[in-house]
Amino acid sequence: MMKARIVVTLKNGVLDPQGKAIEGALGHLGFDGVGSVRQGKVFDVELHGTVGETAQAQLDAMCDKLLANPVIENYTVEIA
(Lines give C-alpha, C1' and ligand atoms only; values in the text may rest on other atoms or scores of the structure.)
Protein backbone atom coordinates (compact mmCIF):
# COMPACT_ATOMS: atom_id res chain seq x y z
CA MET A 1 0.00 0.00 0.00
CA MET A 2 1.20 3.48 -0.86
CA LYS A 3 -0.09 6.75 0.56
CA ALA A 4 -0.21 10.07 -1.22
CA ARG A 5 -1.33 13.56 -0.24
CA ILE A 6 -2.76 15.81 -2.93
CA VAL A 7 -2.99 19.55 -2.24
CA VAL A 8 -5.21 21.57 -4.58
CA THR A 9 -5.03 25.39 -4.58
CA LEU A 10 -6.44 28.14 -6.74
CA LYS A 11 -4.10 29.60 -9.35
CA ASN A 12 -2.79 33.12 -8.79
CA GLY A 13 -5.21 35.67 -10.15
CA VAL A 14 -8.30 33.53 -9.56
CA LEU A 15 -10.72 35.19 -7.16
CA ASP A 16 -11.15 33.35 -3.86
CA PRO A 17 -14.38 34.49 -2.16
CA GLN A 18 -14.16 31.76 0.50
CA GLY A 19 -10.61 32.84 1.36
CA LYS A 20 -11.80 36.46 1.63
CA ALA A 21 -14.63 35.41 3.96
CA ILE A 22 -12.18 33.49 6.16
CA GLU A 23 -9.84 36.47 6.17
CA GLY A 24 -12.65 38.76 7.34
CA ALA A 25 -13.81 36.29 9.99
CA LEU A 26 -10.29 35.97 11.40
CA GLY A 27 -10.13 39.75 11.74
CA HIS A 28 -13.49 39.82 13.54
CA LEU A 29 -12.24 37.12 15.91
CA GLY A 30 -9.32 39.34 16.91
CA PHE A 31 -6.54 37.81 14.81
CA ASP A 32 -4.81 41.01 13.72
CA GLY A 33 -2.15 41.12 11.06
CA VAL A 34 -3.65 38.52 8.71
CA GLY A 35 -2.91 39.96 5.28
CA SER A 36 -4.39 37.38 2.95
CA VAL A 37 -6.03 33.96 3.10
CA ARG A 38 -6.38 31.52 0.20
CA GLN A 39 -8.33 28.31 0.70
CA GLY A 40 -7.67 24.94 -0.86
CA LYS A 41 -8.36 21.23 -0.61
CA VAL A 42 -6.35 18.28 0.69
CA PHE A 43 -6.91 14.65 -0.35
CA ASP A 44 -5.20 11.68 1.32
CA VAL A 45 -5.24 8.73 -1.07
CA GLU A 46 -4.19 5.13 -0.47
CA LEU A 47 -3.20 3.06 -3.50
CA HIS A 48 -2.91 -0.72 -3.36
CA GLY A 49 -0.59 -2.55 -5.75
CA THR A 50 0.67 0.58 -7.53
CA VAL A 51 4.20 1.99 -7.22
CA GLY A 52 6.66 4.39 -8.80
CA GLU A 53 5.93 6.18 -12.06
CA THR A 54 2.70 4.22 -12.54
CA ALA A 55 1.39 5.54 -9.22
CA GLN A 56 2.41 9.11 -10.08
CA ALA A 57 0.67 8.86 -13.46
CA GLN A 58 -2.46 7.45 -11.83
CA LEU A 59 -2.54 10.23 -9.21
CA ASP A 60 -2.01 12.90 -11.89
CA ALA A 61 -4.91 11.41 -13.89
CA MET A 62 -7.13 11.51 -10.78
CA CYS A 63 -6.34 15.19 -10.35
CA ASP A 64 -6.85 16.06 -14.00
CA LYS A 65 -10.16 14.20 -14.26
CA LEU A 66 -11.80 14.80 -10.88
CA LEU A 67 -9.91 16.23 -7.93
CA ALA A 68 -8.75 19.52 -9.49
CA ASN A 69 -10.03 21.87 -12.16
CA PRO A 70 -6.86 22.45 -14.22
CA VAL A 71 -8.27 25.67 -15.66
CA ILE A 72 -8.35 27.46 -12.28
CA GLU A 73 -6.45 25.18 -9.87
CA ASN A 74 -2.95 23.87 -9.33
CA TYR A 75 -2.15 20.66 -7.50
CA THR A 76 0.83 18.98 -5.91
CA VAL A 77 1.23 15.27 -5.19
CA GLU A 78 3.35 14.08 -2.27
CA ILE A 79 3.96 10.33 -2.15
CA ALA A 80 4.82 8.94 1.27
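**Reading a predicted model, value by value**

User: Why is Leu-29 called exposed?

Analyst: Leu-29 has a relative accessible area of 63%. The labels work like this: buried is under 20%, exposed is over 50%, and partly exposed is in between, using a 1.4 Å probe and protein chains only. With 63%, Leu-29 is over the 50% mark, so it counts as exposed. Leu-29 sits in the loop between helix H1 (17-28) and E2.

Before we go on: this is a predicted model, where local features need pLDDT of at least 70 and side-chain atom pairs count only at pLDDT 80 or more, while totals for chains, interfaces and linings use all residues. Residues are numbered from 1 along each chain as its sequence is written, and side-chain values use heavy atoms, leaving out hydrogens and water.

User: Okay, and what makes Ala-4 buried?

Analyst: Ala-4 comes out at a relative accessible area of 5%, which is under 20%, so Ala-4 is buried. Ala-4 is part of strand E1.

User: Which residues does Ala-4 contact, apart from its neighbours within four places in sequence?

Analyst: A contact means heavy atoms within 4.5 Å. By that test, and skipping those neighbours, Ala-4 contacts Phe-43, Asp-44, Val-45, Leu-59, Val-77, Glu-78 and Ile-79. Glu-78, with residues up to four places away left out, touches Lys-3, Ala-4 and Arg-5. Val-77, a residue of strand E3, has contacts that include Ala-4, Ile-6, Leu-59 and Cys-63.

User: Which residues make up the largest nonpolar core?

Analyst: There are twelve: Met-2, Ala-4, Ile-6, Val-8, Val-45, Leu-47, Ala-55, Leu-59, Cys-63, Leu-67, Ala-68 and Val-77. To be a nonpolar core, a set must consist of buried Ala, Val, Leu, Ile, Met, Phe, Trp, Tyr and Cys residues joined through side-chain atoms within 4.5 Å. Strand E1 (2-10), strand E2 (40-47) and helix H2 (52-67) each give two or more residues to this core. One of its members, Leu-47, has contacts that include Met-2, Ala-55 and Leu-59.

User: How many helices and strands are there, and how do you know what counts as one?

Analyst: There are two helices and three strands. They are DSSP runs numbered from the N terminus: a helix is H or I with at least four residues, and a strand is E with at least two. From the N terminus on, the order is β-α-β-α-β.

User: Why is the protein called more spread out than a compact globule?

Analyst: Its radius of gyration is 16 Å, well over the 12 Å that the globule rule gives for 80 residues, so the protein is more spread out than a compact globule. That radius is taken over C-alpha atoms, and the rule is 2.2 Å times the number of residues to the power 0.38. The C-alpha atoms fill a box of roughly 50 × 25 × 15 Å along the principal axes.

User: What share of the 80 residues is buried?

Analyst: Buried residues make up 24% of them. As for contacts with a separation of 6 or more, 67% come from residues 24 or more positions apart.
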